[in-house]
Amino acid sequence: MPTGMLQIMAVTQGSIPLKNVKITITDAESMKVLNDKTTYTNAQGKTNNIILCTKPKRLSLEEDNREIPYKNYNVCVELGKYIRGEILGAQIFEGETTVQYIDLLPRPTDFGSEFERKFDVGEPEKLYEPEPDLKEGISSYVLQSVVIPDYITVHLGK
């Protein structure tokens, strides 16, 4: 099975590295916690590369592919007196290292432990959108995204 790597960099106040931050990884599709992938950050606030299963790279190289060529994982980041953070939808590609930065905020002392921050990477891209059923008399329609043609014919004004 193809694999890719994930590295987490946990900091506070924009650049101060955080040591011993607990990193928990969940499969975004099944929401299953990958217990064997739970790890902690080092003194520089980084984890070692975490090897994760993903989809084959060839999917991104096939012209007619309709499947997303990466796998999504959610990452939970926790450390004592800091607000828990989550990264939703970290994309893992075959043979590549995804580096995710997260800036943890100190937990206010006058609130309970119900604080958390979520960073949503976004919805997966639509790789294929079927053409709409055009009614008689309608000769064009507007696509939801930009399409760049493979070939462009240039006429010299003649």
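Let's start with Phe93, which is partly exposed, with a relative accessible area of 30%. Partly exposed lies between buried (under 20% relative accessible area) and exposed (over 50%), using a 1.4 Å probe and protein chains only. Tyr70, by contrast, is buried at 8%.

This is a predicted model, where local features need pLDDT of at least 70 and side-chain atom pairs count only at pLDDT 80 or more, while totals for chains, interfaces and linings use all residues. Residues are numbered from 1 along each chain as its sequence is written, and side-chain values use heavy atoms, leaving out hydrogens and water.

## The aromatic pair

Tyr70 and Phe93 form a tilted aromatic pair, 5.0 Å centre to centre with 55 degrees between the planes. Rings of Phe, Tyr and Trp (its six-membered ring) pair if their centres lie within 6.5 Å; planes under 30 degrees apart are stacked, over 60 edge-to-face, and the rest tilted.

Tyr70 sits in the loop between helix 1 (58–61) and strand 6, and Phe93 in the loop between strand 7 and strand 8, so the pair ties together parts 23 residues apart in sequence.

## The chain and its core

The chain has one helix and nine strands, where helices (H or I, at least four residues) and strands (E, at least two) are DSSP runs numbered from the N terminus.
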